[in-house]
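Work through the exercises below with the sequence and the 3D view open. Try each task before you read its solution.

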Amino acid sequence: MFFDCVVAKRMWEYVNSFSNIHITDYESVACKWLCDKKNEKFNVTSAGVLWGLWLTSNDLVFNNVVWQDMRMILRKIWRCMFTWKPMFLGSLEAGVIQWCNYLEETFRAPLAISSS
């Protein structure tokens, strides 16, 4: 669900585009968590993506929400990150704001799930 589904793969493509960190599986995310503060902006970003994927999946399965397009999950991740923003200070807060801005730009653009 977090890495193999076509929607999750697309979300990790957005993360890669934003952070230049290539994510393919749990291990490629978890190894960054072990690097202390070196990857803290990426860690917050990846936590938001994982949480957004989880919440969206729950909505689809348990709340009878109908899938529309990638904007659904982008908005959910954006809302999550925006509500988390007050927890962060300094450069980490700035990184979260950059990620939120990136998500806003992305969900305003035409979105399609790539075939790759």
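The model used here is predicted.

**Exercise 1.** Decide for C5 and for C100: buried, partly exposed or exposed?

*Solution.* 
Step 1. Recall the cut-offs: buried is under 20% relative accessible area, exposed is over 50%, and partly exposed lies in between.
Step 2. C5 has 32% relative accessibility, so C5 is partly exposed.
Step 3. C100 has 4% relative accessibility, so C100 is buried.

**Exercise 2.** Describe how helix α1 packs against helix α4.

*Solution.* 
Step 1. Locate the helices. α1 covers residues 6-19, and α4 covers residues 70-84.
Step 2. Read the geometry. The axes lie 11 Å apart, and the packing angle is about 55 degrees.
Step 3. Classify the angle. The two helices, α1 and α4, are therefore oblique to each other.
Step 4. The crossing of α1 past α4 is right-handed.
Step 5. List the contacts. From α1 come V7, R10, M11 and Y14; from α4 come M70, I73, L74 and I77.
Step 6. Sort the residues of this contact between α1 and α4. Seven are nonpolar, none is polar and one is charged.

Notes:
Residues numbered from 1 in each chain as written. Predicted model: local features only at pLDDT ≥ 70, side-chain atom pairs only at ≥ 80, totals over all residues. Heavy atoms only, no water. Axes fitted to C-alpha atoms, helices over the stretch in contact; angles between N-to-C directions. Helix = DSSP H or I, 4+ residues; strand = E, 2+ residues; numbered from the N terminus. Parallel < 35°, antiparallel > 145°, perpendicular 65-115°, else oblique. Left-handed = near helix turned anticlockwise from the far one by under 90°. Contact = heavy atoms within 4.5 Å. Nonpolar A, V, L, I, M, F, W, Y, C, P; charged D, E, K, R; others polar. Buried < 20%, exposed > 50% of the residue type's maximum accessible area, 1.4 Å probe, protein only.
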